[in-house]
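Biologist: I would like to learn how to read the inside of a protein model. Please take me through it one feature at a time.

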Amino acid sequence: MTSATEDPEPDPGAAAVAVDPDEPPEAHSSIPGIAGLSERHKYRALAVCLLVGFMTLLDVSIVNVALPSMQKGLHATPADLSWVVSGYALTFGLILVPSGVFGDMVGRRTAFLVGLAAFTIASGLCGIAPGAAFLVVARLVQGFASGILGPQISGLIQEMFSGAARARAFGYFGATVGLATAIGPLVGGLLIAAGGEDHGWRWVFFVNLPIGVVAFVLALRLIPGCVGCGRIGAKGRIDWVGVALLGASVVAIMLPLVQEQQWKGRGKWWLVVLGVLLAIGFTQWERRVAASGRTPLVPPALVRIRSYTRGSVLGLLYFAGFTTIFFIFTLFVQNGLHYSALEAGLATTPFAVGSAVSATLGGRLVGKHGRPLVILGIVLVTVATGAAILVVHWVHGRGAGVATAGPLLVAGVGSGLVIAPNLALSLSEVPVARAGTAGGVMQTAQRLGSALGIACVGAVFFSRVGHGKGFANAFQAGAVVAICFEAAALVVAVADWRSRRAGTSGTGETPADDPA
């Protein structure tokens, strides 16, 4: 691990002084509602953000163990269950960038409250769903609402904190991400055990109601008003053509990925080609909008910040490997080892513990060690995934779930050193006024990565099961594919580290030349 003097990486808090060339100088002099806040008040506002972030992220993983209960209680078909999971991911990824821009324009507190209210109401609708179709629609709305909230949380951290305090705040956020992702199956198992097999799944959604109401009241009191208000300026009108092009691109790419197991035939992959073409069209349109002096949805100057672009690509590749491990491990222990929902949740708890502890430490250490900390984390996750493969190969029967506790703990420690530090480093050179947009783009990349990983790993996993190889063999084969994604993320992390050491981590061109 290199020291701060040996590795000239920028401080993660550098974004506090990063300048958007389009903003008037007075926009950087003070931030309404924040300048006079005490540190205690800022951390209370952060706690509200983390509580809401935990609630929304929990709904990504908690539903997986509730699917059998939903199928029994609603007589849902496999296609219905697929849309309960993938529909949430699809609408979540679709709205991230537009909601980031929305928060940058009207204020992140306003956008946060809108998203929180919508998420809470949608959770209640999911819980009272009389049939599968109603539940699917409510989950789509819930995904939209969650997508509104995501960029506001990272944007609020950017605005409220700077320097080492910002790195620590991102560390707490990283701990929240890791904990929510890993503990979801355990919480789901407990709720289903308490509510019964037929209706326990409803409590997976009802649990959000008291949390949402309390968080809304606390947000009104603690999150500063006018955070981010008018930061983009008078030219800040939503680029609706850009929204349409980007949205169509995200849907075209994600739809065949999230529906890979249910949508048979090769014709679906033409949608990915269409999505790539739409993404190219979106890029050209954004350049045209920027050249005309208007505000693009994703400023070209933002994309040219190399540290940010590399961090986004790293996040895409890492999430493609990281999130899929839980997907196939849960299938392995429930279907292969016949674990109950609660037992499956307990099997993933070591990862949650390791991730929660190391993410907090990662936020404190990233300012000193920078990208090497992320490299160490990816190495630990990759090695631990390989160890899990060996454990499943050597240990047979129900004991395999217990034997994987060690590798999962190490993987959790490694993951905590990746997610939050990568977020802090990637946003370190992004202007604060663009924090919501930048956070939305990064989270979109992560969602695309998760969908890509589940499609690829899931295809290998289900192919092995279908050919009678057994769930243990299927898990091993799928985990090998996950390791390939993790290794690719490691390559990107090393490349960014080398670039930072060479002092070329900034933009490839002078941002001032770009009116965006």
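Modeller: Start with cavities: on a 1 Å grid over the protein atoms alone, a cavity is a set of points where a 1.4 Å probe fits but cannot get out, and lining residues have an atom within 4 Å of a point. This is a predicted model, in which local features need pLDDT of at least 70, side-chain atom pairs count only at pLDDT 80 or more, and totals for chains, interfaces and linings use all residues. Residues are numbered from 1 along each chain as its sequence is written, and side-chain values use heavy atoms, with hydrogens and water left out.

Biologist: Which residues line the second largest cavity?

Modeller: Its lining consists of Leu314, Gly315, Tyr318, Phe319, Val418, Ile419, Asn422, Leu423, Met442 and Gln446. The space inside is about 60 Å³, where a volume is the space filled by probe spheres set on the grid points, and points are joined across faces, edges and corners.

Biologist: Which helix gives the largest share of that lining?

Modeller: Helices here are DSSP runs (H or I, at least four residues), numbered from the N terminus. H12 gives the largest share, four residues. Helix H17 (419–426) and helix H18 (435–466) each supply at least two.

Biologist: How many residues of each class line the second largest cavity?

Modeller: Ala, Val, Leu, Ile, Met, Phe, Trp, Tyr, Cys and Pro count as nonpolar, Asp, Glu, Lys and Arg as charged, and the others, Gly among them, as polar. On that scheme the lining has seven nonpolar, three polar and no charged residues.

Biologist: What is the volume of the largest cavity, and what lines it?

Modeller: The largest cavity has a volume of about 120 Å³. Of its 15 lining residues, Ile325, Thr385, Ala388, Leu408 and Ala411 lie nearest the centre. Twelve of the lining residues are nonpolar, two polar and one charged.

Biologist: Now the core. Which residues touch the most other members of the largest one?

Modeller: In soluble globular proteins, nonpolar side chains tend to be buried together. A nonpolar core is a set of buried Ala, Val, Leu, Ile, Met, Phe, Trp, Tyr and Cys residues joined through side-chain atoms within 4.5 Å. Buried means under 20% relative accessible area, exposed over 50%, and partly exposed in between (1.4 Å probe, protein chains only). The largest core here has 102 residues, and Phe112, Leu314 and Tyr318 touch the most other members. Helix H12 (residues 306–336) contributes the largest share, 14 residues.

Biologist: What does Tyr318 contact beyond its neighbours within four places in sequence?

Modeller: Contact means heavy atoms within 4.5 Å. Tyr318 is in contact with Ile378, Val381, Ser415, Val418, Ile419 and Ala489.

Biologist: How many salt bridges does the structure hold?

Modeller: A salt bridge is a side-chain nitrogen of Lys or Arg within 4 Å of a carboxyl oxygen of Asp or Glu. The structure holds six. One of them joins Arg108 and Glu159 (2.3 Å, N to O). Arg108 is in helix H4 (residues 108–127) and Glu159 in helix H5 (residues 132–160), so this pair ties together parts that are 51 residues apart in sequence.

Biologist: Is Arg108 buried or exposed?

Modeller: Arg108 counts as buried because its relative accessibility is 0%. Glu159, at 5%, is buried too.

Note on methods
On a 1 Å grid over the protein atoms alone, a cavity is a set of points where a 1.4 Å probe fits but cannot get out, and a pocket is an open set with protein on both sides within 12 Å along at least five of seven lines; lining residues have an atom within 4 Å of a point.
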